[in-house]
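Good morning. I will go through a few side chains in one chain, so please have the sequence and the structure open.

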Amino acid sequence: MIFVTTGVQMPFDRLICKMDEIAGRIDEEVIMQIGQSQYIPVHAKYFRLMENDKIKKLNRDARVVVSHAGIGSILTALEQHTPVLILPRLKMLGEAWDDHQLEIAAAIASNENVRVVYDVNDLEKHLKVNYCYVPRGGRHALIDSIKEYLSSI
Amino acid sequence: MTEILQIMDAFQGHEIFFITYDGIRSRELQSQFRVYTVPNFIGHAIPFVLSFFRMLYILITERPNAIISTGSEIAIPVFYFAWALGMRTVFIETLARINKPSFTGKMVYPISSLFLVQWEELARRYGKKAKYWGNVF
């Protein structure tokens, strides 16, 4: 299953529309959280908003998550050990108030479990790859340092 | 909230309570932790003032050894009360801030006991006090 997520603040029709088109061509199930997007999917199952528990389960069950470059969405997927493809929202296209998502995309591109796609037409090609979640201990350095600090006070 | 939940292991062995905005996620949190909620006070004058009193009251009765926050603006009044009460505070700037300080970050930077950022570049934007100890990824 492929889980597509856009967050809730602004529409992201570029992603929803393309993923629905792809859903019509592939055998794999596609489920989308469309938020405020205006395009209504015809090939994929969709919903606008859902409780966090259910969102977590969708992230866990997905083979790959396709997301906007929102930190919350990316973290939720990685927390469930699911690789993520991200398409940053662009200010130019009215998808975001600024190009903050481009900065996030550039900064996290070094994470093995995140792939950044800038052109919506490249999504299908990337979805054919069988991604595998690579366990990493990234946050342990931060956790250990805070633990040490707290035990010193 | 997504971010602080990534580092809960850092608080092992300590008694924990949360102060957060009332919402679906805080109600989920209540099944696991002790949670005080305040209504989202931005833009509402009466809840705004009432929330301040409530936060102050929680700090005085709980007397925490440390207050840790990953934002957002709810951290500002809590950190200033804590500062006035001589309590230790740790601010962790959100992972979403890569090279631009957040409003909350700028507000609490001068009074935080420990100020962490999650990208090395951002530490330089803040100043000497900001430290990079890794991120939640």
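Buried, in this talk, means under 20% relative accessible area. By that definition, both B:Y109 and B:Y126 are buried. Keep in mind that this is a predicted model.

Let me stay with B:Y109. What is the arrangement of the rings of B:Y109 and B:Y126? Their centres are 5.4 Å apart and their planes stand at 20°, so the pair is stacked; planes under 30 degrees apart count as stacked. This pair links distant parts of the chain. B:Y109 lies in the loop between helix 5 (103–108) and strand 5 (114–117) of chain B, while B:Y126 belongs to helix 6 (residues 120–126), and the two are 17 residues apart.

Over all chains there are twelve aromatic pairs. Another of them joins B:Y109 to B:F115: the ring centres are 5.0 Å apart and the planes are at 85°, so this pair is edge-to-face. B:F115 is buried, as is B:Y109.

Ring pairs connect these residues into a cluster, made up of B:F79, B:F91, B:Y109, B:F115 and B:Y126. There is also a charge to mention: the charged end of B:K129 sits over the ring of B:Y109, 5.4 Å from the ring centre.

Now to the surface. Which residues form a nonpolar patch there? They are B:I42, B:F48, B:V49 and B:F53, and together they have about 380 Å² of accessible area. B:I42 is found in the loop between strand 2 (34–38) and helix 3 (45–62) of chain B. With a relative accessible area of 45%, B:I42 is partly exposed.

That is my part.

Definitions and conventions. Residues are numbered from 1 along each chain as its sequence is written. Chains are lettered from A and ligands numbered from 1 in the order in which they are written. This is a predicted model: local features need pLDDT of at least 70, side-chain atom pairs count only at pLDDT 80 or more; totals for chains, interfaces and linings use all residues. Side-chain values use heavy atoms; hydrogens and water are left out. Patches are made of residues with over 30% relative accessible area and no salt bridge: like charges are joined within 9 Å, nonpolar side chains (Val, Leu, Ile, Met, Phe, Trp, Tyr) within 5 Å. Accessible areas come from the Shrake-Rupley method with a 1.4 Å probe; for residues, only the protein chains shown count as cover. A salt bridge is a side-chain nitrogen of Lys or Arg within 4 Å of a carboxyl oxygen of Asp or Glu. Helices (H or I, at least four residues) and strands (E, at least two) are DSSP runs, numbered from the N terminus. Buried means under 20% relative accessible area, exposed over 50%, partly exposed in between (1.4 Å probe, protein chains only). Rings of Phe, Tyr and Trp (its six-membered ring) pair if their centres lie within 6.5 Å; planes under 30 degrees apart count as stacked, over 60 as edge-to-face and the rest as tilted. A charge sits over a ring if NZ of Lys or CZ of Arg is within 6 Å of the ring centre and within 35 degrees of the ring normal.
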